[in-house]
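Hello,

Here is the structure you asked to look at. Please open it first, then read the notes below.

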Amino acid sequence: MIHMENVVKTYKVARRNAGAKAAFRALFRREYELIRALSGISFTIEDGEMVALLGPNGAGKSTTIKILSGILYPDSGRVECNGFVPYKDRMRYTREIGVVFGQRSQLFWDVPVADSFELLRDIYDIPEADFRKNEAELTELLQLQEILRTPARQLSLGQRMRCEIAGSLLHSPKILFLDEPTIGLDAVSKLALRQFVKNLNEEKKTTVILTTHDMQDVEALSKRVIMIGKGKLLLDGTIDDIRKEGESLDESLVEFYEGIDGMTGKEEEQP
Ligand code: ADP
Ligand code: MG
């Protein structure tokens, strides 16, 4: 079970105005700006569920995934995943989870993908037999036969995503976090990836939490959608709660945002 309660996260960034004078002054007095990424997010996800976190850029989706996967700690609030507090029990907790960030690679750039997998085997200390079995199965399902000997650097985005997902599943995690897995993919790759994730959830009962700003992803993949905007939870329900009759998914989404104060229109000034 995954549980977040009233989770708040603020980033502290050094602020400096342009110009030599400001640069000089910054040497002596650092000014910080606080960016509130999450302002009190709560939800519970049961084992075996597949849930989409939907929201526009900057909503707080990646921050949520980073907190759930133990990469970041929250300012306040409670986080518990399968009995672990992610940012505290990192060593043991990482064996429970797989994480893929669409915009960042866990593969070693200059070595063949198969060698990256071997390194992941060492990192996760996966027993040889389990590793061989999982690698063979994932290679088959994600059609990696032709690309396993290719360095990650030379792969297309679609090929790389397939390898990333395989890499994140070699240790048979119970929970899979996918942060924008379909971003930038062509239509064929998107379909294949969605199909794979759907099967994984249905057959292996892996809990899947994915982020996206694509309504089509949500429609294809999950019954449950948690929508966030500006660090707040806007909706925890189904796609039908967003969909307006007679309108396209995208139009429905825009209308949904328009119904919420401050979600569209003029950018607010940061306090
Ligand atoms: P999303 O994944 O939904 O696009 P993020 O969680 O990445 O949103 O970002 C939420 C907010 O936090 C945004 O305003 C973003 O600019 C800010 N933010 C994210 N990461 C950092 C960081 N490392 N430092 C400062 N601000 C950040
Ligand atoms: Mg993001």
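**The hairpin**

Strand 8 (residues 224-229) pairs with strand 9 (residues 232-237) in the antiparallel sense, over 5 bridges. Two strands pair if DSSP finds at least two bridges between them. Helices (H or I, at least four residues) and strands (E, at least two) are DSSP runs, numbered from the N terminus. Gly229 stands opposite Lys232 in strand 9. Strand 8 and strand 9 form a hairpin, with 2 residues between them. In the turn, Lys230 has a positive phi of about 50 degrees.

**How to read the model**

This is a predicted model: local features need pLDDT of at least 70, side-chain atom pairs count only at pLDDT 80 or more, and totals for chains, interfaces and linings use all residues. Residues are numbered from 1 along each chain as its sequence is written, chains are lettered from A and ligands numbered from 1 in the order in which they are written, and side-chain values use heavy atoms, with hydrogens and water left out.

An open sheet is formed by 3 strands in the order 2-1-4, with antiparallel pairing. Strand 2 (31-45) and strand 4 (76-81) are the edge strands, and each pairs on one side only. From one strand to the next, the twist averages 35 degrees. Strand 1 (residues 2-15) is joined to strand 2 by 12 bridges. Lys9 has Leu38 in strand 2 as its bridge partner. Helix 2 (residues 61-68) packs on the sheet and touches strand 1, strand 2 and strand 4. Contact means heavy atoms within 4.5 Å. The direction of helix 2 makes about 115 degrees with that of strand 1. Axes are lines fitted to C-alpha atoms, for helices over the stretch in contact, and angles run from 0 to 180 degrees between N-to-C directions.

**The helices**

How do helix 6 (residues 157-169) and helix 7 (residues 187-203) cross? Their axes come within 10 Å and cross at roughly 15 degrees. That makes helix 6 roughly parallel to helix 7 (angles under 35 degrees count as roughly parallel). Gly158, Met161, Ile165 and Leu169 in helix 6 meet Ser189, Leu193, Phe196 and Leu200 in helix 7.

Helix 6 also packs with helix 4 (residues 113-124), at an angle of about 20 degrees, with the axes 10 Å apart. Helix 4 and helix 6 are therefore roughly parallel to each other. Val113, Phe117 and Leu120 of helix 4 make the contact with Cys163, Ala166 and Gly167 of helix 6.

Best wishes

Conventions:
Angles under 35 degrees count as roughly parallel, over 145 as roughly antiparallel, 65 to 115 as roughly perpendicular and the rest as oblique.
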